[in-house]
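Work through the exercises below with the sequence and the 3D view side by side. Try each task before you read its solution.

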Amino acid sequence: MSYYEKLKALNIELPPVAAPAAAYVMYAQTGNTVFLSGHIAKKDGKPWVGQLGKDITTDEGKQAARAVAIDLIATLQAACGGDLNRVRRIVKVMSLVNSTPTFTEQHLVTNGASELFGEVFGEQGKHARSAFGVAQIPLGACVEIEMIAEIG
């Protein structure tokens with residue numbers, strides 16, 4: 001089953017690639033490695049604002065991370081010249097979770113993205129990962145995730 005068939009089976013339609021919000025590009029490639037800039041969580045087209053441990057639950061944060069993963073896949077498709085089937089491996093994911101000092105479930109929030117990458121890319125979706133709690137994310141978003149992938 002192709003990655004596109006998996007996306008369709010999951011009822012996921014990739015959104016248009018977002019424009020950079022500051023002085024950077026959405027992705028950069030060197031050799032077969034693509035580095036995707038951090039993407040913030042969005043809900044209904046607007047930043048998904050909130051802080052884990054205060055006004056957003058772990059389950060909501062996990063949904064936000066999944067939404068970020070969908071946006072990252074759309075950007076990865078652009079980096080692949082429009083063909084996701086060029087993806088060889090999701091190599092690394094780094095997740096920043098806007099959270100209170102006492103919140104300790106950043107890893108569970110980030111599972112929302114990691115699990116989706118596994119569902120879409122199978123074995124090639126298994127990746128190294130870091131998940132951090134941070135005091136704030138641009139625009140007040142609850143989650144920001146960046147990714148490194150290998151393409152063919």
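**Exercise 1. How many aromatic pairs does the structure hold, and how are the rings set?**

Solution. The model is predicted. Step 1: count. The search gives one aromatic pair. Step 2: name the partners. They are Tyr3 and Phe121, with ring centres 4.7 Å apart. Rings pair if their centres lie within 6.5 Å, so 4.7 Å qualifies. Step 3: check the angle. The planes stand at 70 degrees. Angles over 60 count as edge-to-face, so this pair is edge-to-face. Tyr3 lies in helix α1 and Phe121 in helix α3, so the pair ties together parts 118 residues apart in sequence.

**Exercise 2. Are Tyr3 and Phe121 buried or exposed?**

Solution. Step 1: take the cut-off. Buried means under 20% relative accessible area. Step 2: apply it. Tyr3 has 10%, so Tyr3 is buried. Phe121 has 0%, so Phe121 is buried as well.

**Exercise 3. Describe helix α3, from its span to its packing.**

Solution. Step 1: find the helix. α3 covers residues 106–121, which makes 16 residues. Step 2: compare spans. From first C-alpha to last, α3 reaches 23 Å, close to the 22 Å expected at 1.5 Å a residue. Step 3: look for a bend. α3 has a kink of about 35 degrees, centred on Gly112. Step 4: list buried residues. Among them are Val109, Gly112, Ala113, Leu116, Phe117 and Val120. Step 5: use the helix geometry. An α-helix has 3.6 residues a turn, so residues three or four places apart point the same way. Step 6: find the neighbours. The buried residues of α3 pack against helices α1 (3–9) and α2 (58–79). They also pack against strands β5 (87–98), β6 (128–134) and β7 (143–151). Step 7: look past the end. Gly122 follows α3, and its phi is positive, near 60 degrees.

**Exercise 4. Which residues form the two salt bridges, and how exposed are they?**

Solution. Step 1: count. The whole structure has two salt bridges. Glu115 meets Lys62 at 3.1 Å, N to O. Glu115 sits in helix α3 and Lys62 in helix α2, 53 residues apart. Glu115 is partly exposed at 40%, and Lys62 is partly exposed at 28%. Step 4: take the other bridge. Lys126 pairs with Glu123, and the closest N and O atoms are 2.9 Å apart. Lys126 is partly exposed at 47%. Glu123 has 52%. Exposed means over 50%, so Glu123 counts as exposed.

Key
Residues are numbered from 1 along each chain as its sequence is written. This is a predicted model: local features need pLDDT of at least 70, side-chain atom pairs count only at pLDDT 80 or more; totals for chains, interfaces and linings use all residues. Side-chain values use heavy atoms; hydrogens and water are left out. Helices (H or I, at least four residues) and strands (E, at least two) are DSSP runs, numbered from the N terminus. The expected span of a helix is 1.5 Å times one less than its number of residues. The bend at a residue is the angle between axes fitted to the seven residues ending there and the seven starting there. Buried means under 20% relative accessible area, exposed over 50%, partly exposed in between (1.4 Å probe, protein chains only). Contact means heavy atoms within 4.5 Å. A salt bridge is a side-chain nitrogen of Lys or Arg within 4 Å of a carboxyl oxygen of Asp or Glu. Rings of Phe, Tyr and Trp (its six-membered ring) pair if their centres lie within 6.5 Å; planes under 30 degrees apart count as stacked, over 60 as edge-to-face and the rest as tilted.
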